[in-house]
Amino acid sequence: MAIEARHVSKRFGTFTALDDVSVTVDDGALMALLGPSGSGKSTLLRIIAGLETPDEGEVVIGGEQVTDTPARSRGVGFVFQHYAPFKHMTVHDNVAFGLSVRRRPKAEIEARVKELLGLVRLDGLAERYPSQLSGGQLQRMALARALAVQPKVLLLDEPFGALDAQVRGELREWLRRLHEEIHVTTIFVTHDQEEAMEVAEQIVVMNKGRIEQTGTPRDLYESPSNEFVMSFIGPVNRIGDAYVRPHDVEILAHDDGSATEALIKRVVHLGFEVRVELTLPDGRDISAQVTRANAAELELHEGQILPVRLPRPRVFAA
Amino acid sequence: MSSSASGSIALSSGSTGRAAPRGAPSADGAARARKLGVRTIALGYLALLLLAPVAMIFYRTFEHGLTPVWNAVSEPNAQHAFWLSLEIVAIAVPLNTVFGIGMALLLERGRFKGKALLGLLIDLPFAISPVVIGLALVLAYGKTGWLGDWLAENGIQVIFSVPGMVIATAIVSLPFVARETIPVLRELGTDAEQAASTLGASGWQTFWRITLPGIRWGVVYGVVLTTARALGEFGAVSIVSGRIEGETQTLPLYVQARFENFDITGAYTAAVVLALLAFATLVAMNLLTRRTRAETIA
């Protein structure tokens with residue numbers, strides 16, 4: 001079901017968490033709310049879930065006004081950053097909770113729990129307690145628990161934030177595939193641009209309680225509408241008023257007249273990519289990104305002076 | 001617990017021994033001596049203050065065999081005092097448990113003006129001497145008291161009877177449950193409760209199925225302390241009860257009365273019963289927590 005937040009504002013004391021924010025998420029979409037901490041992304045998610053009340057504005061889920069509907073009647077599945085497990089219950093009872101408070105027949109609960117534990121690949125762990133699970137397993141249990149009640153929409157607050165890099169990578173891909181399978185409208189909050197770009201179809205970039213830009217990962221990367229989005233989505237060099245992506249910085253073998261000279265301060269090998277830290281003649285530091293092959297060809301090393309060209313610098317209107 | 005602690009200590013001293021073979025043994029020795037010293041002082045202090053006097057009471061009680069003890073226990077006033085004490089505990093402790101949990105929720109989860117003041121008021125029974133509490137109750141509910149006329153007209157006797165004693169006991173043991181529950185409630189956080197609400201649980205369902213199981217250790221501990229305190233209460237109850245033998249005499253009051261009447265065996269025996277009751281409460285709690293904890297960990 002489609003989700004709409006219209007002109008939502010929220011203040012905590014003197015701090016403005018959200019300032020007249022409007023977002024539309026299409027039915028079945030997978031959207032990321034991306035922004036630094038304090039940007040209001042989690043607050044927006046919690047308002048959609050009914051865990052916070054907006055000072056102004058309204059929330060519409062599937063065409064239905066839910067602004068004054070309590071969280072328990074909104075039909076949302078919510079996954080918390082720290083999983084919020086019910087520690088005194090087994091995995092089975094955690095997943096069954098939503099159905100059991102609805103007083104569903106036992107047979108139905110058993111069947112549904114079994115199905116969901118299979119879906120999140122926790123079969124065999126049903127009788128464990130949360131204290132016996134790893135972070136990734138807890139997160140999958142929390143997801144199964146949220147999905148058990150067949151929510152109209154799925155909301156995830158920094159779902160992978162507390163996991164180590166490898167598990168995070170696996171779960172991202174898994175979430176993406178899960179979404180393809182069950183197609184429930186999903187919003188997830190993250191501060192990690194790579195995560196947002198990898199998982200989401202649509203990204204809403206937030207900053208200081210406002211929306212900076214909405215678009216596909218590619219839109220945001222290729223045509224950022226302002227300097228915040230440009231510097232938040234991917235690495236960037238700032239040269240005066242202009243911005244250049246490190247991979248757009250060209251290191252040349254010979255000066256063809258259009259280049260400036262730069263001194264190599266450091267060469268960092270990152271696998272396929274090599275990051276080259278450079279100092280321009282005016283003393284400014286920039287970084288360039290080249291492929292491993294490219295670096296080898298140019299025999300890049302510290303202290304070298306080479307011509308570089310900065311094509312496509314981007315200038316944003318102030 | 002103690003075995004795992006000593007295990008880790010042995011491990012760390014082993015590794016320092018490898019790293020600095022010459023300096024280690026003397027440092028080890030000093031550390032061991034220090035630890036031994038601390039333990040001796042702690043145990044000695046406990047023995048002097050608690051174990052020795054309690055042991056003395058047990059010794060003196062059973063000094064002349066079981067017959068005098070049996071006679072003292074089966075004495076009607078002693079029996080009455082025993083059951084009266086249990087009755088008061090059975091009313092005051094559940095009252096304070098419900099009140100304490102409610103207060104803890106209010107103080108930890110509520111947002112309202114005067115919260116700090118309320119938190120202070122809850123601790124007041126700890127700060128005020130029980131004797132003062134007893135006197136205050138007499139002033140409020142006694143014949144010449146503030147509510148005295150109204151109570152007399154409606155045929156309710158509070159002072160010199162069980163209701164007053166229950167009130168006095170409830171007041172002196174008031175803070176325990178709230179104070180033990182608040183930190184556990186804070187640690188529990190609100191995430192699980194919010195998760196329950198998004199899953200469709202009502203406020204009541206969330207309390208019974210998520211919050212209460214989450215704070216049960218704090219509550220149980222608070223109940224045990226409340227029970228122990230309620231059982232042993234002397235000062236406030238002494239004033240409010242009027243100490244009528246066989247009527248408003250609780251076990252602690254009975255001990256005092258026997259002692260003053262030079263019935264040493266009677267006093268000691270009742271004291272031992274009191275100590276055993278308190279001990280049983282502690283053991284019950286220990287068994288309870290151990291069993292349920294095993295459930296969550298195993």
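1. A residue counts as buried when its relative accessible area is under 20%. By that cut-off, five of the five residues of strand S7 of chain A (residues 153-157) are buried, so the strand is largely enclosed by the rest of the structure. The model discussed here is predicted.

2. The burial of S7(A) involves both of its faces. On one side lie Val153(A), Leu155(A) and Asp157(A), and on the other Leu154(A) and Leu156(A).

3. S7(A) has paired strands to consider as well. With S6(A) the pairing is parallel and runs over four bridges; Leu154(A) of S7(A) is the bridge partner of Gly77(A). With strand S8 of chain A (residues 185-190) the pairing is again parallel, over five bridges. In that pairing, Val153(A) has Thr185(A) of S8(A) as its bridge partner.

4. Next, the interface. Chain A places 25 residues in contact with 20 residues of chain B. About 1900 Å² is buried between the two chains, and carbon and sulfur atoms give 59% of that area. Three residues, Arg72(A), His88(A) and Phe97(A), supply 29% of the area that chain A buries against chain B, more than any other three residues.

5. The interface has zero salt bridges between chain A and chain B, while seven residue pairs are in polar contact across it, both residues being at pLDDT 80 or more. On the side of chain A that touches chain B, strand S6 (76-79), helix H2 (91-101) and helix H4 (135-148) each supply at least two residues. H2(A) gives the most, with four residues. Sorted by class, this side of chain A has 14 nonpolar, five polar and six charged residues.

6. In chain B, helix H13 (residues 251-260) has seven of its ten residues buried, so it is largely enclosed by the rest of the structure. The buried ones are Leu251(B), Pro252(B), Leu253(B), Tyr254(B), Val255(B), Ala257(B) and Arg258(B). Just after this helix, Phe262(B) takes a positive phi of about 60°.

7. Glu233(B) deserves a separate look. This residue sits in the loop between helix H11 (203-232) and helix H12 (235-241) of chain B. Is Glu233(B) buried or exposed? Its relative accessible area is 2%, and the cut-off for burial is under 20%, so Glu233(B) is buried. The side chain of Glu233(B) reaches the backbone nitrogen of Ala236(B) at 2.7 Å. Leaving aside residues up to four places away in sequence, Glu233(B) touches Pro130(B), Val172(B) and Pro252(B). Of these, Pro252(B) is also one of the buried residues of H13(B).

Definitions and conventions:
Residues are numbered from 1 along each chain as its sequence is written. Chains are lettered from A and ligands numbered from 1 in the order in which they are written. This is a predicted model: local features need pLDDT of at least 70, side-chain atom pairs count only at pLDDT 80 or more; totals for chains, interfaces and linings use all residues. Side-chain values use heavy atoms; hydrogens and water are left out. Buried means under 20% relative accessible area, exposed over 50%, partly exposed in between (1.4 Å probe, protein chains only). A polar contact is a pair of N or O atoms within 3.5 Å; within protein, one must be able to donate a hydrogen and the other to accept it, and residues adjacent in sequence count only if both atoms are side-chain atoms. Contact means heavy atoms within 4.5 Å. Buried area is the accessible area (1.4 Å probe) that two parts lose on being put together, summed over both. A salt bridge is a side-chain nitrogen of Lys or Arg within 4 Å of a carboxyl oxygen of Asp or Glu. Ala, Val, Leu, Ile, Met, Phe, Trp, Tyr, Cys and Pro count as nonpolar, Asp, Glu, Lys and Arg as charged, and the others, Gly among them, as polar. Two strands pair if DSSP finds at least two bridges between them.
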